[in-house]
Amino acid sequence: MEDMEKVKAEALQMMGVFQVLPRLVVFDLDYTLWPFYCECRSKRDTPSLYPHVKGIMYALKGEGIDVAIASKSPTPDIATTFLDKLSISSMFVTKEIFYSWQNKTDHFQKIHSSTGVPFKSMLFFDDDDNNIQGVSKMGVTSILVRNGVNLGVYKEGLTKFSLKWDASKDKQGRRK
């Protein structure tokens with residue numbers, strides 16, 4: 001397992017490259033922050049995160065960027081217990097953990113209502129392409145995660161967010 005401080009330092013260095021950063025970064029849980037489905041586990045289990053997750057989250061908090069959760073878990077009680085066991089529950093400004101047959105648009109409406117952050121100022125990581133597609137249509141920069149959140153996916157997210165932000169500024173500039 002990589003050292004959390006080393007990952008945090010790399011993540012902070014990456015953020016320093018970009019002129020614009022998201023105001024809020026939203027994470028899915030299952031197969032995004034941790035390598036399992038909550039509904040296949042028990043509250044008594046000891047959960048683990050993907051190796052880079054804590055370092056990235058501490059880097060975000062260090063830069064004053066809020067983090068949130070959007071999870072369609074049918075077992076929100078287990079998910080909440082695991083967040084507590086991992087000592088990261090308090091890092092999130094809001095946690096929308098509930099089951100829905102839809103993609104995560106309901107989760108993001110609630111996140112927007114509780115934080116006031118515009119969708120275009122959010123960055124989202126999830127392992128389910130249906131969620132990525134639906135939330136992207138709301139204006140959220142969304143990144144498909146294949147093997148959990150890591151520094152490579154994180155950099156991809158920051159890059160896509162920055163490029164999208166620059167493109168929207170260009171469009172505004174041309175209208176004047």
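Tutor: We will go through the sheet, the helices around it and a few loop residues.

Tutor: Please keep in mind that this is a predicted model, where local features need pLDDT of at least 70, side-chain atom pairs count only at pLDDT 80 or more, and totals for chains, interfaces and linings use all residues. Residues are numbered from 1 along each chain as its sequence is written, and side-chain values use heavy atoms, with hydrogens and water left out.

Student: How do I read a sheet, and what is the order of the strands in this one?

Tutor: In general, strands of a sheet pair through backbone hydrogen bonds, either parallel or antiparallel. Helices (H or I, at least four residues) and strands (E, at least two) are DSSP runs, numbered from the N terminus. Two strands count as paired if DSSP finds at least two bridges between them. Here, five strands form an open sheet in the order S3-S2-S1-S4-S5, with parallel pairing. Strand S3 (92-97) and strand S5 (141-144) are the edge strands, and each pairs on one side only.

Student: By what angle are neighbouring strands turned against each other?

Tutor: Such angles run from 0 to 180 degrees between N-to-C directions, using axes that are lines fitted to C-alpha atoms, for helices over the stretch in contact. Neighbouring strands of this sheet are turned by 15° on average, direction ignored.

Student: How many bridges join S1 to S4?

Tutor: Four bridges join these parallel strands, and Leu-24 has Met-122 in S4 as its bridge partner. On the other pairing, S4 and S5 are also parallel, over four bridges, with Thr-141 in S5 as the partner of Leu-123.

Student: Is S4 mostly covered or mostly open?

Tutor: We call a residue buried under 20% relative accessible area, exposed over 50%, and partly exposed in between (1.4 Å probe, protein chains only). S4 is mostly covered, with five of its five residues buried. Met-122, Phe-124 and Asp-126 are buried on one side, and Leu-123 and Phe-125 on the other.

Student: Which strands does H2 touch?

Tutor: Contact means heavy atoms within 4.5 Å. Helix H2 (residues 53-62) packs on the sheet, touching strand S1 (24-27), S2 and S3, and its direction makes about 135° with that of S2. The buried residues of H2 are Val-53, Gly-55, Ile-56, Met-57, Ala-59 and Leu-60. Just after H2 comes Gly-64, with a positive phi of about 80°.

Student: Is Ile-88 buried or exposed?

Tutor: Ile-88, in the loop between H3 and S3, counts as buried because its relative accessibility is 0%. Leaving aside neighbours within four places in sequence, Ile-88 is in contact with Leu-49, Lys-54, Met-57 and Leu-83.

Student: Why does Lys-104 count as buried?

Tutor: Lys-104 counts as buried because its relative accessibility is 1%. This residue is in the loop between S3 and H4. Beyond neighbours within four places in sequence, its contacts include Asp-28, Phe-124 and Asn-131.
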